[in-house]
Amino acid sequence: MISALIAGVPDENATREAIALCEKIARAQLVVKCRSAQSSFDTFGLPIDDLAIDAIAELFQRNQSGEYVQLQSYFECIDQGSLSSKALLAHLRRLVCSKVNNHLIHLRSQHDPSFWKVLRNCKLAIQTLHKIGRASCR
């Protein structure tokens, strides 16, 4: 299915299957985040199903030729011929979960700018610490 999506212009069935699969993955990621209390979805005013669709929407944007640019860009660096379908699914899960996390951060930044500033500063501090740690190991 993934190969059909990135090979060119996929047929409707492959697209429907891929959207349904990505939506399930996104919904599962959102449920896990909700259960672990890492994020409060009530403040966004959207049900989890809508959040899932919104999070993966960018993946299914097409260019003028009808190709899924983001999916192609992500999977072009992966040797699909040498990977099993399970490994390809793992890569897709990684991509979808990343989209979900980024979407939640974006929503949080719109709803709570102060929290966003704190989160951004924490991320920058962690990146700086990693750079310092790498430099001291040399």
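This is a predicted model: local features need pLDDT of at least 70, side-chain atom pairs count only at pLDDT 80 or more; totals for chains, interfaces and linings use all residues.
## How helix α2 packs in this model

Helix α2 passes helix α5 in a right-handed crossing. The contact between these two helices is made, on the side of α2, by Leu21, Cys22, Ile25, Ala26, Gln29, Leu30 and Lys33, and on the side of α5 by Leu89, Leu92, Arg93, Val96, Cys97, Val100, Asn101 and Leu104. Sorted by class, the residues that form this contact of α2 with α5 are 11 nonpolar, 2 polar and 2 charged.

The protein chain has 6 helices and 0 strands, so that, read from the N terminus on, its elements run α-α-α-α-α-α. Helix α2 covers residues 12-35 and helix α5 covers residues 85-111, and the two pack at an angle of about 55 degrees, with their axes 9 Å apart. An angle counts as roughly parallel under 35 degrees and as roughly perpendicular from 65 to 115, and α2 and α5 are therefore oblique to each other.

Helix α2 also packs with helix α3, which spans residues 48-56; here the angle is about 120 degrees, and the axes lie 8 Å apart. Angles over 145 degrees count as roughly antiparallel, and α2 and α3 are therefore oblique to each other. The crossing of α2 past α3 is right-handed. From α2 the residues Ile19, Cys22, Glu23, Ala26, Arg27, Leu30 and Val31 take part in the contact, while α3 contributes Ile48, Asp49, Leu51, Ala52, Ile53 and Ile56. By class, the contact of α2 with α3 has 10 nonpolar residues, no polar ones and 3 charged ones.

Threonine 15 has its place in helix α2. With a relative accessible area of 9%, threonine 15 is buried, because buried means under 20%. Leaving aside its neighbours within four places in sequence, threonine 15 is in contact with Leu5, Pro10, Arg62 and Tyr68.

Some totals describe the chain as a whole. Of the 138 residues of the protein chain, 31% count as buried. The protein chain exposes about 9,000 Å², of which carbon and sulfur atoms supply 54%. Among the contacts in the protein chain with a separation of 6 or more, 60% are accounted for by residues 24 or more positions apart.

Key. Residues are numbered from 1 along each chain as its sequence is written. Side-chain values use heavy atoms; hydrogens and water are left out. Axes are lines fitted to C-alpha atoms, for helices over the stretch in contact, and angles run from 0 to 180 degrees between N-to-C directions. Helices (H or I, at least four residues) and strands (E, at least two) are DSSP runs, numbered from the N terminus. A crossing is left-handed if the near helix is turned anticlockwise from the far one by less than a right angle, and right-handed if clockwise. Contact means heavy atoms within 4.5 Å. Ala, Val, Leu, Ile, Met, Phe, Trp, Tyr, Cys and Pro count as nonpolar, Asp, Glu, Lys and Arg as charged, and the others, Gly among them, as polar. Buried means under 20% relative accessible area, exposed over 50%, partly exposed in between (1.4 Å probe, protein chains only). Accessible areas come from the Shrake-Rupley method with a 1.4 Å probe; for residues, only the protein chains shown count as cover.
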